[in-house]
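Good morning, colleagues. Please look at the fold and its pockets with me.

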Amino acid sequence: MPFADTTHVKVPEGIDDEKLLFLSDILPTGWQAAVQADIQPTDTVAIWGCGPVGQMTIRSAILLGAEQVIAIDHLPERLSMAAAAGAITINFDEENVVERLNELTGGKGPHKCIDAVGTESHVSFGQPDTILDRAKQMVMAESDRPHVLREMIYVCRPAGVISIIGVYLGLVDKIPMGQAMNKGLTFRMAQAHVPRWTGDLLRRIEDGQIDPSFVITHKVDLSQGPEMYRTFRDKADDCIKVMLRP
């Protein structure tokens, strides 16, 4: 089977499956988002999106030594999980993200901004550009909703880094490239290189540096899969991550 050696990992005895399960995707994805931001010990790191990948990104940024981590979302259960890791939280339904980030950084903006949302950026009447993006999607004039990308450019500190791990599918519009250029921002982005990080992250799990199982909110039998996909899609029952048992 082609590439079978990259999708099957021999793991040590004595570690719970729940701790190892997310080596397959969300842990290395969140880790790469933080690593490619080149986090330094004095950095303020802002992370947009507190879903499963965002949660791993938050803990990766903390593990890599960021001085301050700020997590942005609007779902209470996600913000609560982010706060439990030690992040400062911003609910974009209740606060202006740019104003709050400037307040937390003395008007300078975060050193590093991470997009863990991508094309599924939330649509809100409080953020008019998201309405325009959704309308453009419907008439096939744009494929993604880049509200988060715009917001990161507006607020990122000059000479800062923008790390994009949230997936984009095609064309985006109204990106303030002039501001990004004049600020001297660095953009780093990619699909997650999962095999590259597997060995290092497995060691960190063994050493107790991180336990990815914290993100599991629902454990159900495989037969309940269709129901739980709907629950996750609808963000119901405080669902963040589901583990299906065969």
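Ala46 has Ile70, in β2, as its bridge partner. Their strands, β1 (residues 44-48) and β2 (residues 68-73), pair in the parallel sense over five bridges; two strands pair if DSSP finds at least two bridges between them. Helices (H or I, at least four residues) and strands (E, at least two) are DSSP runs, numbered from the N terminus.

The model is predicted: local features need pLDDT of at least 70, side-chain atom pairs count only at pLDDT 80 or more, and totals for chains, interfaces and linings use all residues. Residues are numbered from 1 along each chain as its sequence is written, and side-chain values use heavy atoms, without hydrogens and water.

β1 and β2 belong to an open sheet of six strands with parallel pairing, in the order β3-β2-β1-β4-β5-β6. At the edges, β3 (88-91) and β6 (186-189) each pair on one side only.

I turn to the pockets. A pocket is an open set of points on a 1 Å grid over the protein atoms alone, where a 1.4 Å probe fits, with protein on both sides within 12 Å along at least five of seven lines; lining residues have an atom within 4 Å of a point.

The largest pocket is lined by 39 residues, and Gly51, Arg78, Ala116, Val117 and Glu120 lie nearest its centre. Elements giving two or more residues to this lining are α3 (26-35), α4, β2, α8 (147-155) and α11 (225-233).

For the second largest pocket, 16 residues form the lining, with Leu21, Lys241, Val242, Met243 and Leu244 closest to the centre. Here α11 and β8 (242-245) are the elements that give two or more residues.
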